[in-house]
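Thanks for coming. I will take one structure in pieces, and please keep the view open while I talk.

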Amino acid sequence: MNIFFRNKMTAATLAAAFADIAAQFDGELYFDDSPLHEAQKRVYATDASVYQELPVAVALPKTVADIRALILFANRHGLTLIPRAAGTSLAGQVVGAGVVVDISKYFNKVLEVNQQERWVRVQPGVIRDDLNAYLRPYGLMFGPETSTASRAMIGGMIGNNSSGLHSIVWGDTRDHLLSASVLLSDGTATAFTALSADEVAAKGAQDNLEGTIYRNLQQLLGNAENRALIRENYPKHTLTRRNTGYALDMLLAEAAAGVVAGAAELNLCNILAGSEGTLAFVTEAKLNLIPLPPKEEGLICIHCHSLQEALQANLVALRHQPMASELVDDYIMGFTKGHPVYQFNRFFIEGEPAALLMVEFMAASQEEITAKAEALVAELKAAGLGYAYPLIRGAQTKLAWDVRKAGLGLIRNLPGDSQPVNLIEDCAVSPEDLPAYIADLQLILDKYKLSASYYAHAGAGELHVEPMINLKTSEGKALFRTVLHETALLVKKYNGSLSGEHGDGRLRGEFIPTVLGKEVYGLLKQVKQTFDPNGVFNAHKIVDTPPMNEALRYEADKQIIPVETLFDFSRQEGILRLAEKCSGSGDCRKTHVTGGTMCPSYMATRQEKDTTRARANILRQFLTNSEKENRFDHQEIKEVMDLCLSCKACKSECPSSVDVAKMKAEFLQHYYDANGVSPRTWLIGHFTKSQQLASFFPPLYNFMVKNNFTSKLVKKVIGFAPERSLPTVGSTTLRSWKKKWDKARKASGESQQAGVKRRQVNLFCDEFTNYNDVEIGKTVVKLLTALGYEVVLPEHLESGRTYLSKGLVRKAKKIANENVQRLSRVVQNDIPLIGIEPSAILTFRDEYLDLVSPELLPAAQELARNSFLLEEFLLREAELGHITPDMFTKKQQLVKLHGHCYQKSLNVLAPTHKILALPENYQVELIPSGCCGMAGSFGYEKEHYEVSMKIGSLVLFPAVQEQAPDTLIAAAGTSCRHQIKDGTQREALHPAEILWQALAKK
Ligand SMILES: Cc1cc2nc3c(=O)[nH]c(=O)nc-3n(C[C@H](O)[C@H](O)[C@H](O)COP(=O)(O)OP(=O)(O)OC[C@H]3O[C@@H](n4cnc5c(N)ncnc54)[C@H](O)[C@@H]3O)c2cc1C
Ligand code: SF4
Ligand code: SF4
């Protein structure tokens, strides 16, 4: 039974009640059982923890009045509100059967900066890294830095009292929370700030909820017995990470300084930080800022033979006042091997260390860094600790830190059902106790034959220890509880903290009495009762939590019939396992300010529904629980997949490699199987056919798509946005032109010129170049010929891209099989297949390998090895000395390059960059853009047009618009060029066109 239906409301009456407030609500509300509302609720059923529970509703308030209305509503109907920011909590803080109140979309403004007094006033949905990007020009920053800083928000950081990598110097969120505007549980707006004793007394004299809060706290802390209990049971004072329960110890410190007796200051921010949304709703926060750190940084990566050796090295390192001392074990390092992104971050690893201790120094000069590093290394060597000590400097430190920060996501790549779990990852002890505590902990884990990974904040006494447990079984579920219970006893032994930074949530709450004692736990309950007598704020977190091994994502011992798929998902152990790999880390919620491509739809809409995480989660939920024979046949999945641009950024940028583009295509085919294919989808899939027809009457077709009246009509009929320009066809196809060109050259004897050694290449005549970008195709043929190659257009079918992007996978599969058979006959090691359009040629290296029939797989693999993007091929030839800079102009030229998403995803953007820079004086700069927003037909579709343009306008359009007219804009993708044209009215060129222009002798 749903524990939050305390007044026995049925779902229908609840929906009616919500409909009642909807009229006055400025933001968004999702509460009924329509597919969109159901989908919204489902995507908020999880966070980055192991818990899953369907909220009764989801609200995205736009104003403080909206939040107040929700509080009054919750009071009236006996519901609880779950404040939520980025939802990266690891202890289930934002999961529950209440109303999730997501402030991330509308509460994300920086309100005021005071440079002199070093503070900033922000709304709670401001992202930590985005805030610091904003503050950089002021020479200031907000210190606490979680590994999730690219998406974690100030409201969430306050809720969890987050800290992170540099906590030994920059502290935690509480240390920097000066004041907060809040709504109390009765809807009253007030501010928590530093108050003098007189002000505290005045507050306590009020006859309202706020008055009660101050009076009760004064009473609680004024009681000598309570004070003794707090002093005895809270963690050692040398431990700075102390997030267990409410921070009564922090308030006590103030009380001891005299508040209760009537002297110094009291600031309820100290208890608000770390209260996990259970005491008050934060609507604004004033944060202390620190100056930017010294500009030089150096990271010594101490390579150790064992974990214990690294922990001893940590104690040595701490004596040298580093900025951070963080550990990464071999388990995590192992997952970086062969990872599409992180394999390139391994440059500093020597041999096979069992653990790395990463110690960071910052200073005004590199000389100082060197001196600090040398002093540390000398002491380590004298103590016989470590075997290699590479010092990484400057920009490269980020690459190394990224390995550490991606730890949690990376270990999710472990195959099988035993997975690393967040359970005891947040226990902290005083740093000097860490070696002994970890040794004791390993005995517990050994007793249960559990392997684990160890990483993170050694310098602060907190290692994230993640044991591998199979939560899909009853034994695993039981073990989950046992391990936390025994660890809690161990934490008590070391007078440590059950939670160091991640919070208690519904995971650790049950064992707070074990660590802080029953009496202190009673005090915590009093605090909750005082602030929130009706349980309006995030009920059942920290105190009164349900059993910690219930409401998990996985139902124990559930038998799930494997899902039949058209793509081969065997490398990911099936499509369901691939969806399950999403840890909820929220990397897919970073914004364009941080950069990268994942996830363009979220960057544009700022809706959880439009994240990679939401897509993985909704698929997982339906593939696990659907009772339909076709488990994909759910409108809710379609709602969540709708804005996925199939850009494939998640395949490489998600630390757990959750490849949603592939899963979306698979889903769509099954969904069509049940619901049919719409005419527009059919038409887009059969784009090649339509362009082939058009190519018989180019003038007529081009008139139709260019003429204002007819083009509007065509777009209306198809369902394309009226603002879009439609692609035209060439006056001839590339194939016909090539035949004539070959004939003419043969006749003129040009093709057999004496002395020219012609190496043959197969040019993949993709559908977009053959019909639409014919001029580019001609340029490529001429360029290759001028560079000394014999260009052949082999016989093949279209690439299948249009079918794939619309999820017509069955058709794409047939094409893949046919193309592999045809092209394998002509493509060999020394006669490669090269392509102009990334989205077409890269299918050979990506989708075809998962699509072809098993007997064709070896041929497909061989073909993939010999298929190249034109720029890759040219670069290879340049590296072999076959193409040289002296073949090109010496003119000065600035080129701004926008990369196609697939180039980024398959890591083949660098060759384009390099080959464009081959002409001696060509300066090539990468536009830090993500997806252009067009994504094949996506940007044409009328319901997607706005999002498409929004994506383009985040980085790409402004970057293009600010270029001088003589700067060349390069983009290999046909969609990207079209989008640049529509969004900026500037013509972007294919890299081949730029190289052709630059060729000295044509
Ligand atoms: C891969 C990974 C690495 C992590 N690394 C770190 C780390 O290095 N250091 C660290 O400290 N944490 C870390 N975390 C935990 C988490 O990222 C942080 O706690 C983060 O600050 C949470 O921010 P959020 O925006 O996701 O908040 P959410 O998860 O959305 O919310 C956090 C809490 O704040 C409450 N809350 C949110 N908004 C409000 C509001 N307006 N009013 C009142 N309460 C509110 C919520 O109810 C909840 O209890 C990590 C998590 C992951 C998945
Ligand atoms: S999809 Fe990937 S990046 Fe996004 S939350 Fe899941 S694991 Fe993290
Ligand atoms: S394919 Fe692109 S748009 Fe779709 S989920 Fe992945 S990153 Fe987001």
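**A walk through the model**

I start at Gly496, which sits in the loop between α19 (474-493) and α20 (512-516). Helices here are DSSP runs of H or I with at least four residues, strands are runs of E with at least two, and both are numbered from the N terminus.

Before going on, this is a predicted model, in which local features need pLDDT of at least 70 and side-chain atom pairs count only at pLDDT 80 or more, while totals for chains, interfaces and linings use all residues. Residues are numbered from 1 along each chain as its sequence is written, chains are lettered from A and ligands numbered from 1 in the order in which they are written, and side-chain values use heavy atoms, with hydrogens and water left out.

Is Gly496 buried or exposed? Gly496 counts as buried, because its relative accessibility is 3%. Buried means under 20% relative accessible area, exposed means over 50%, and partly exposed is in between, with a 1.4 Å probe and protein chains only. Gly496 touches Pro235, Leu239, Ala428, Val429, Val491 and Val515, leaving out residues up to four places away in sequence. Contact here means heavy atoms within 4.5 Å. Between the C-alpha atoms of Gly496 and Thr238 there are 9.7 Å, although the two residues are 258 residues apart along the chain.

Next, the sheets. Two strands pair if DSSP finds at least two bridges between them. In general, strands of a sheet pair through backbone hydrogen bonds, either parallel or antiparallel.

One open sheet has 5 strands in the order β5-β6-β12-β8-β9, with antiparallel pairing. Its edges are β5 (110-114) and β9 (189-192); each has a single partner strand, so one side of each has no neighbour in the sheet. On average, neighbouring strands of this sheet are turned by 15 degrees against each other, direction ignored. For such angles, axes are lines fitted to C-alpha atoms, for helices over the stretch in contact, and angles run from 0 to 180 degrees between N-to-C directions. Helix α3 (residues 64-77) lies across β8 (177-183) and β12 (281-288), at about 60 degrees to β8.

Another open sheet has 4 strands in the order β22-β21-β23-β24, and here the pairing is parallel. The edge strands are β22 and β24 (867-869), each pairing on one side only. Neighbouring strands of this sheet are turned by 35 degrees against each other on average, direction ignored. Strand β21 (residues 759-764) runs parallel to β22 and is joined to it by 4 bridges.

Within β21 lies Asn762. Asn762 has a relative accessible area of 1% and is therefore buried. Its bridge partner in β22 is Val792. Apart from neighbours within four places in sequence, Asn762 is in contact with residues including Val826, Ile831 and Leu833. Strand β22 (residues 789-792) has Tyr789 and Val791 on its covered face, and Glu790 and Val792 on the uncovered one.

Now a helix. How many of the 11 residues of helix α45 (residues 974-984) are buried? The count is 10, so α45 is largely enclosed by the rest of the structure. Its buried residues pack against elements including α33 (767-771), α34 (774-786) and β25 (893-898). After α45 comes Gln985, with a positive phi near 60 degrees.

On to the nonpolar cores. A nonpolar core is a set of buried Ala, Val, Leu, Ile, Met, Phe, Trp, Tyr and Cys residues joined through side-chain atoms within 4.5 Å. The largest has 109 residues, and Phe18, Val99 and Met663 have the most contacts inside it. Helix α27 gives the largest share of this core, 7 residues. A second, separate core has 59 residues, among them Ala317 and Leu327.

Last, the ligands. A residue is near a molecule if one of its heavy atoms lies within 4 Å of it. Ligand 2 is surrounded by 13 residues, and Cys582, Ser585, Gly586, Cys588 and Cys654 are the closest. Around ligand 3 there are also 13 residues, with Cys599, Arg615, Cys644, Cys647 and Cys650 coming nearest. At least two residues of the ligand 3 shell come from each of α24 (612-625), α26 (649-653) and α27 (660-675).
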